[in-house]
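Hello,

My notes on the side-chain packing and the backbone follow it.

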Amino acid sequence: MADFETLPSGELDDRVRVVFKGFETRVFESYTVRLAVLQQPAVFSVKLGGVEPPHELFKRYPPGTPFELAIGPQPSFKGYTDGYESSGDANQGTYVVLMGRDILARLQDAEFRSDKTFTDVTYADLVYEVMLEAGGLDEAAIISSNESNVIVRAGVGVTTKPGTPPKPLREGGGPTPTGSPGADAIAGGVDGAIRSATVGGKPGTHTVHARAGEKCLDWLKKHLDKAGVMVWTDTNGDIVVSAPNTDQKPKYHFVRQRGQKRNAVNVTSHSFKNDTTKRLSSVIVYGRGPGKKKGKGKIKGEFVDADMVAMGILKTRTFRDANVFDEPQAVKYAQAKMAEINRASWSLTYVIEGHTAPVYGDVTKRAVVTVDTMAQIQDDELGISGLFYIEAVEYTSPPSTTKITFMRAQDCFFEKDPTIVEQVESTKAAKKRRRRRKS
């Protein structure tokens with residue numbers, strides 16, 4: 001459990017702290033920090049008062065200064081400052097704002113310097129190659145479990161639901177091994193699809209292309225999204241390649257009761273949207289599978305949104321994909337499409353005081369609210385009750401508040417997209433067609 005100090009007011013000291021260059025710690029009263037699973041990298045901006053001349057602060061914290069950011073005693077992420085800005089007047093004095101991002105900023109800013117082709121690579125290889133292209137990430141390892149990271153960030157352990165085996169935790173530290181990356185480029189226990197599966201499917205048939213000038217992070221996310229996973233960082237400055245973990249017990253307990261100002265968590269404001277304009281009652285996916293005639297036959301998969309059906313709103317959308325080869329795959333692809341649509345149509349955000357919340361099962365204890373965790377919500381005002389996934393948090397001060405973005409667990413489904421890469425045979429055929437047209 002997190003060991004917080006206490007402010008003179010008697011409240012927990014969960015203020016943002018930033019350690020610069022590994023030794024100088026500063027506590028800020030004015031700051032904005034954002035972490036998210038679906039949007040990278042993590043970012044921060046902190047405001048320094050007018051005690052020191054701005055030029056001295058500029059010299060002390062030049063762009064590229066390494067930092068480690070913490071919420072109270074709990075580490076959150078590492079990275080480098082991007083720069084600073086200054087403003088002020090004769091009455092309020094001069095202020096300096098420092099800005100920075102976590103280590104994925106290196107991937108976000110970097111571009112491919114030349115055209116590149118990767119054939120029969122694993123997803124681990126793909127991440128590793130992009131890290132090499134971006135540079136500056138020699139000490140970062142690639143890991144596939146976020147559980148140990150959540151324990152450190154929140155200050156409380158992760159437990160899985162009954163019947164769900166826990167994923168292996170990352171062991172040890174140190175840089176990603178050099179040489180041939182492959183499966184060995186990932187430390188600790190790794191999901192087999194990320195460690196050993198070839199991008200696009202069967203070896204010898206698939207290749208992915210990167211063009212000069214393409215942003216490294218955007219290009220990588222494009223392919224990882226189709227693999228049903230995403231990329232973010234942990235407190236050690238390592239790169240996590242994983243999917244949202246909804247198979248864990250709730251970590252926090254949020255309660256809103258009508259007519260009461262204070263509850264288990266003092267939710268100061270909320271925002272809720274359930275827009276059915278683009279939502280669907282069902283998604284149908286057609287593919288092509290083996291059959292008796294001409295070697296092919298139609299396959300079909302369907303996923304139904306029970307909430308929309310219960311509301312009497314019946315809207316269906318059909319997708320066709322020649323890379324869907326059996327019914328189970330078609331059903332999962334349909335579910336992934338439904339989840340993607342619902343993520344844009346259903347949203348819930350809370351703003352709470354401070355950066356901690358009561359721990360589920362023992363509201364006398366508190367933990368830092370962080371991403372990739374589950375929360376139990378009982379909201380009498382909105383009629384919402386159940387388990388929800390925390391996708392993003394934003395810590396701000398003053399006043400000290402946390403904005404929490406929730407997702408429904410069923411909308412955290414990210415199934416592998418069958419249209420994952422270009423095929424070598426298709427590329428060769430296209431070249432032959434171009435030659436024939438020229439002749």
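In these notes a charge sits over a ring if NZ of Lys or CZ of Arg is within 6 Å of the ring centre and within 35 degrees of the ring normal. Arg106 meets this with Tyr80, its charged end lying over the ring at 4.1 Å from the centre.

The model is predicted, so local features need pLDDT of at least 70 and side-chain atom pairs count only at pLDDT 80 or more, while totals for chains, interfaces and linings use all residues. Residues are numbered from 1 along each chain as its sequence is written, and side-chain values use heavy atoms, with hydrogens and water left out.

Aromatic pairs

Rings of Phe, Tyr and Trp (its six-membered ring) pair if their centres lie within 6.5 Å; planes under 30 degrees apart are stacked, over 60 edge-to-face, and the rest tilted. Searching the whole structure gives 12 aromatic pairs. One of them joins Phe58 and Tyr84, which are stacked because their ring centres are 4.1 Å apart and their planes stand at 10°. Phe58 belongs to helix 1 (residues 54-60) and Tyr84 to strand 6 (residues 74-89), so the pair ties together parts 26 residues apart in sequence. Helices (H or I, at least four residues) and strands (E, at least two) are DSSP runs, numbered from the N terminus.

For accessibility, buried means under 20% relative accessible area, exposed means over 50%, and partly exposed is in between (1.4 Å probe, protein chains only). Phe58 is partly exposed at 23%, and Tyr84 is partly exposed at 31%.

Phe272 and Trp346 have ring centres 5.4 Å apart and planes at 75°, so this pair is edge-to-face. It links distant parts of the chain, with Phe272 in strand 14 (residues 267-274) and Trp346 in strand 18 (residues 346-353), 74 residues apart. Phe272 is partly exposed, at 32% relative accessible area, whereas Trp346 is buried at 8%.

Tyr252, Phe254, Tyr350 and Phe406 make up one aromatic cluster.

Nonpolar cores

A nonpolar core is a set of buried Ala, Val, Leu, Ile, Met, Phe, Trp, Tyr and Cys residues joined through side-chain atoms within 4.5 Å. The largest one has 54 residues, and Val33, Leu69, Tyr252, Phe254 and Phe406 have the most contacts inside it. Strand 22 (residues 384-397) gives the most to this core, contributing six residues. There is a second, separate core of 28 residues; among its members are Phe112, Val130, Val208 and Trp219.

Backbone

Two cis peptide bonds are worth a look. The bond from Ser397 to Pro398 is cis, with omega near -5°, and the bond from Pro398 to Pro399 is cis, with omega near -15°. Pro398 is in the loop between strand 22 and strand 23 (401-408), and Pro399 also lies in the loop between strand 22 and strand 23.

Positive phi values come next. Lys21, not a glycine, has a positive phi of about 55°. Lys21 is in the loop between strand 1 (16-20) and strand 2 (24-27), and is partly exposed at 42% relative accessible area. Asp372, a residue other than glycine, has a positive phi near 60°. Asp372 lies in the loop between strand 20 (362-368) and strand 21 (373-379) and is buried, at 2% relative accessibility.

Regards
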